[in-house]
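This report describes salt bridges, nonpolar cores, helix packing and backbone geometry. The sequence and structure are shown first.

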Amino acid sequence: MTNTVPEINIPTGAAESSATTAVITFADFGLDPKIQKAVSEQGYNTPTPIQAQAIPHVLAGSDLMGAAQTGTGKTAAFVLPIIQKILRHASSSASPARHPIRALVLTPTRELAVQVAENAASYSKHTDLRAAVVYGGVDMKEQVATLRGGVEILIATPGRLLDHIGSKVANLSQVEILVLDEADRMLDMGFLPDLQRIIDLIPAQRQTLLFSATFSPEIKKLAQSYLRTPVTVEVARQNAAADTVKQVVHMVASADKQRAIVKVLEARTRQGLSRQCIIFTNSRLGCAKLSRALERDGIKAGAIHGDKSQGERTLTLDAFKSGAIEALVATDVAARGLDIPSMPCVINHELPYNAEDFIHRIGRTGRAGSKGDAIALVDASEKRLLDDIEKLMKRKLDVQPLPEGSPSLSPASSRSTSRSESPAKMSDPFFYKPYEPSAAPQSSSVTNSEEKKVGITPARPAVGALLGGFKKK
Ligand code: AMP
């Protein structure tokens, strides 16, 4: 780690590479002064590694596959060059015909769509370009009005976009740049047919950018179908995890997991550590139940899952960010794409069915060089899942008893602490060095811009505003 390590959520490996590579600045990209001004107002001093790598390629017109997760600055990595490329179409005319959709960003979740749209609105605020977001689960009326008025940059979840296309409110015939953001998650969520239908409506003569946390065979197939000789940029390996994260497994019977969480949080309080944590669960029902049960145990908890309305999710997230909620109980899909600041602690109430999701979950802590704890509560029935995770991470996880003061819990499993590796390995509970620097220039001297985001306030009136377009100033 270098002392230029930013407070922004950059994967550790990416930040590490900054010591050996030249620092490049936003000025090096030759962005229009209107964009440059917006970037400065965001408080961004230096491009993040994914920005340093991707922006020149996007500006040059290449198709691109970017391996990067939320928290790496990937949104600006595609939004900034997109604005630059379509700026020539910017028009102050009020006529909708002068504002066709030029860039389309598809995202798996409404949260991610909203975040991308907020970024697009901020970065384009000194231009005449318009950005808007459409997603399902809310009334269509306001979105229809915005689309009818004309927008150049549209951020959308696939299903709702198809609804608008079906009712002839959205027309993709003038799209020049298509972004598939978190493409792996879109495939996981079964959006492939929707994606195919949408992409078929976009001119073949376009630039396509695909961002994904992993490059699974399915993603590669998608890229083969829709991208032309793409450049690949990568800021962290798919099975990377920050080496500042201390991982521990507690073997706990399912019935005792909620009490175990209380004990873990009590122990953290005794040690003077923050109680702020994200607790991951596998189901919406389990998520809601656990949140309520923790509340009954005196822990300020809130749930975020797919059955919650957009307004409820926003309120919960804001309460969590302000500290009014200390335990955010979440499902993978709901947590995906959320710009949650680095967490001191991530707790797996149960292990995910997909080992890669475990990496995403624990990636919520230990960001940008800060220390974090990743705690997994594992029942005997989850042994196979634990094996899969250990295989993916190429290491055994350290099994420890629950912290002092734990109530006597039911016998959890046959898997005792003695399964741990040699004492030498035990004293080094961290990962292998995960990052392989690429040849491309990188830098990571950035500042935390969380509070500097334009248009995002804790008491977000934006929920209403976000249903439609973003008006300039
Ligand atoms: P993203 O991965 O796009 O969700 O971005 C994660 C966070 O980093 C967001 O809060 C961005 O506003 C912030 N960010 C993006 N680029 C930079 C930069 N170059 N310097 C500082 N913060 C940035």
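Helices (H or I, at least four residues) and strands (E, at least two) are DSSP runs, numbered from the N terminus. The model is predicted: local features need pLDDT of at least 70, side-chain atom pairs count only at pLDDT 80 or more, and totals for chains, interfaces and linings use all residues. Residues are numbered from 1 along each chain as its sequence is written, and side-chain values use heavy atoms, with hydrogens and water left out.

**Salt bridges**

Side chains of opposite charge can pair when their charged atoms come close. A salt bridge is taken here as a side-chain nitrogen of Lys or Arg within 4 Å of a carboxyl oxygen of Asp or Glu. The structure holds 16 salt bridges, among them the following.

| Pair | N to O distance |
|---|---|
| Glu176 and Arg88 | 3.5 Å |
| Arg102 and Glu176 | 3.6 Å |
| Arg185 and Asp357 | 2.9 Å |

Burial is described by relative accessible area: buried means under 20%, exposed over 50%, and partly exposed in between (1.4 Å probe, protein chains only). On this scale Glu176 is partly exposed at 22%, and Arg88 is exposed at 59%. Arg102, also in the loop between α4 and β2, pairs with Glu176 and so ties together parts that are 74 residues apart in sequence. Arg102 is buried, with a relative accessible area of 12%.

The salt bridge of Arg185 and Asp357 links distant parts of the chain, with Arg185 in helix α8 (residues 183-188) and Asp357 in helix α15 (residues 355-362), 172 residues apart. Both partners are buried: Arg185 has a relative accessibility of 6% and Asp357 one of 11%. Through shared partners, salt bridges join Arg88, Arg102 and Glu176 into one network.

A nonpolar core is a set of buried Ala, Val, Leu, Ile, Met, Phe, Trp, Tyr and Cys residues joined through side-chain atoms within 4.5 Å. The largest nonpolar core has 45 residues, of which Phe78, Leu80, Ile155 and Leu209 touch the most other members. Helix α4 gives the most to this core, with eight residues. A second, separate core of 36 residues includes Leu106, Leu161, Ile202 and Tyr226.

Contact means heavy atoms within 4.5 Å. Not counting residues up to four places away in sequence, Leu80 touches Phe26, Leu31, Ile35, Val39, Ile55 and Tyr123.

Helix α3 (residues 49-59) packs with α4 at an angle of about 25°, with their axes 9 Å apart. Axes are lines fitted to C-alpha atoms, for helices over the stretch in contact, and angles run from 0 to 180 degrees between N-to-C directions. The angle makes α3 roughly parallel to α4, a term for angles under 35 degrees. Residues in this contact include Ile50, Ala54 and Ile55 of α3 and Ala77, Leu80 and Pro81 of α4.

**Backbone geometry**

Most residues other than glycine have a negative phi. Lys168, which is not a glycine, has a positive phi of about 60°. Lys168 is placed in the loop between α7 and β5 and is exposed, at 74% relative accessibility. Glu182, likewise not a glycine, has a positive phi of about 50°. Glu182 is placed in the loop between β5 and α8 and is buried, with a relative accessible area of 4%.

Methods. Parallel < 35°, antiparallel > 145°, perpendicular 65-115°, else oblique.
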